[in-house]
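Please work through the exercises below with the sequence and the structure in view.

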2 protein chains.
Amino acid sequence: EIVDSLIAHGKTLGHEPESPESSAQLFAGIHIMITAGPTREAIDPVRYISNHSSGKMGFAIAQAAQAMGAKVTLIAGPVELSTPDKVARTDVVSAQDMLNAVEREIDEQDIFIACAAVADYRIAAENTQKLKKKAEELSLTFTQNPDILKTVAQRKQPPFTLGFAAETNDVENYARAKLEKKQLNMIAANDVSIPGLGFNSDRNALLVITKEHTQKLAPASKSALAHELMLLVHSEYKRTHKN
Amino acid sequence: EIVDSLIAHGKTLGHEPESPESSAQLFAGIHIMITAGPTREAIDPVRYISNHSSGKMGFAIAQAAQAMGAKVTLIAGPVELSTPDKVARTDVVSAQDMLNAVEREIDEQDIFIACAAVADYRIAAENTQKLKKKAEELSLTFTQNPDILKTVAQRKQPPFTLGFAAETNDVENYARAKLEKKQLNMIAANDVSIPGLGFNSDRNALLVITKEHTQKLAPASKSALAHELMLLVHSEYKRTHKN
C-alpha cells in the first residue's frame, strides 16, 4: 500500500507538475543550506585529490529552493559556476573547510541538503614542500575526513536532512544503508556509471529514498530535477517537522 | 662574461621589446607542439589525483607561438580555457593519454614545449568500482607515470625541447638538475609558492635556464611572458639547430 501510494504520488508529480507560481512560496520563511561541488584535499602544495563532481546539481537545487521562497545558503567547493540569484554563497576547498563553513551557520537552518561530493579521505600528513619524483612506487596514507552530513544529522536538534549517494553499483542498497546509518530524513541516489547522466553532465536521474518510500525521478535536466526533488523535500519536511 | 652578456640581453629585451609585426614570421614554417594543463589520474570512477595547473601558461605560449608564425599543436589536459586562434588542439585526461597524443604527431615537430603539469604517479591498480569508506586509514600505492618530456628528449633525432619546472623551494638548483638529467635545450622555472604568480594566476615570472645561461623574466602577464619566452626559444633554437 505504501508502494502504491508512492507510485500514485509519482504519477501526480509527473502529470501535473506544479507551475512556478504555485510553488513560489512553498519554502517561505524556511532556511535551507546546501553544500555543492567536490572538495580538494592537498597532497602537497601542487598536488591534490578530488572527484568529478561539477557542482551543477547542488547549484540547481539552490536555485530551485530560492525560487520556491527559501532563504538559501550555498557552501561550494571549487567549481566553475556562477552563483544563483539571491543565494548567499561561501566558497571552500577542503572537507574540513566545508565542515567549518557549515557549522558557522547550521543553527539557523531548517533543512540541510548535502549535495557536495566531500572527499572521504585526506592525506594523513600534508607535505608543505612539493614531493620529488624519486621512487618507482609511492605509498600514501590517508585518514578519514569528518563526515559533514553525519555531524549535522547527529545534532541534538537536527534540521531536516537530505543526503546524496553517487554510486556505480548496487545503487539502491547502498543508498538505503546510508540513509539508515546516518539517520537521514531523505537520500537521493544516482548511478554515476550511466553515461550522459550525473557528474559533469547537465542531466541526471535520481532515486529518492525515505524510510518508507522509494521514488524514481526520471532522467531530466538538473534544473527540472532539482524542482521535482524540492517538491518531494517540501512534502516530507511538512510531514515530519512541526511548523 | 656569460652572465654579463645575458644581463645585456635581458635589458635589451626589457627596453626594446620586439613589436608584434617584427616577430610575426620568426617561426614561419616551424612546427611547435605544446602540452598544457594538468593531467588527471583516476583512483576509481569517482576520485582522481590532479594538480593546480590551470593551463593558462601553456595556452598563452600556444597563442604567442602561433602569432609568431608557427604551426602549433596543443595537447591539453582538463582545463577551462578556449582554444587560441588557428591552433590545433587535442584534449586528453591522463599522463598516458597525453603521451599517446604527443607520440602520434611528434615526428613532424621542430620544437616541443612541455608546459603541462603531468602527474608523476598514477595509482598502481585502478579500481573499477567506487571505493567504499570503511577503514579509518587508507593506503594507496602509486606507480610512476611515463615521463613525456624525457621520452621526447631521448628520441634519436629529438626536436628542440623546452621543459618547465614548478618548484616551491630551491627553484634554480632543481630546474638546472632537471635540464641536465633530461638533456633538454631549455627549462623555464617558476616558484609556485609566491602568492599571485603561477598556478591559476594570470601572471607569472620565470627563470629561463640553458646549459650556459640563466635569465630572469620579471613578473608579467602570462601572455607578455609567453611572448618574451618564445623570443628566447627562437634565438636558442636558431643557435643550436641547423636550419
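Contact means heavy atoms within 4.5 Å, and helices (H or I, at least four residues) and strands (E, at least two) are DSSP runs numbered from the N terminus. This is a predicted model, in which local features need pLDDT of at least 70 and side-chain atom pairs count only at pLDDT 80 or more, while totals for chains, interfaces and linings use all residues. Residues are numbered from 1 along each chain as its sequence is written, chains are lettered from A in the order in which they are written, and side-chain values use heavy atoms, with hydrogens and water left out.

**Exercise 1.** Describe how H3(B) and H7(B) pack.

Solution. Start with the geometry: helix H3 (residues 56-67) of chain B packs against H7(B) at an angle of about 55°, with the axes 8 Å apart; axes are lines fitted to C-alpha atoms, for helices over the stretch in contact, and angles run from 0 to 180 degrees between N-to-C directions. H3(B) and H7(B) are therefore oblique to each other, since angles under 35 degrees count as roughly parallel, over 145 as roughly antiparallel, 65 to 115 as roughly perpendicular and the rest as oblique.

Next, list the residues that meet: on the side of H3(B) they include B:Ala60, B:Ile61 and B:Ala64, and on the side of H7(B) they include B:Leu225, B:Leu229 and B:Met230. Sorted by class, this contact of H3(B) with H7(B) has 9 nonpolar, 2 polar and 2 charged residues, where Ala, Val, Leu, Ile, Met, Phe, Trp, Tyr, Cys and Pro count as nonpolar, Asp, Glu, Lys and Arg as charged, and the others, Gly among them, as polar.

**Exercise 2.** Find how many aromatic pairs the whole structure holds over all chains, and describe them.

Solution. The search finds 2 aromatic pairs; rings of Phe, Tyr and Trp (its six-membered ring) pair if their centres lie within 6.5 Å, and planes under 30 degrees apart count as stacked, over 60 as edge-to-face and the rest as tilted. In chain A, the ring centres of A:Phe160 and A:Tyr237 are 5.9 Å apart and the planes stand at 90°, so this pair is edge-to-face. A:Phe160 belongs to strand E9 (residues 160-167) of chain A and A:Tyr237 to helix H7 (residues 222-240) of chain A, 77 residues apart.

A:Phe160 is buried at a relative accessible area of 0%, and A:Tyr237 is buried at 6%; buried means under 20% relative accessible area, exposed over 50% and partly exposed in between (1.4 Å probe, protein chains only). In chain B, B:Phe160 and B:Tyr237 also form an edge-to-face pair, with 5.9 Å centre to centre and 90° between the planes.
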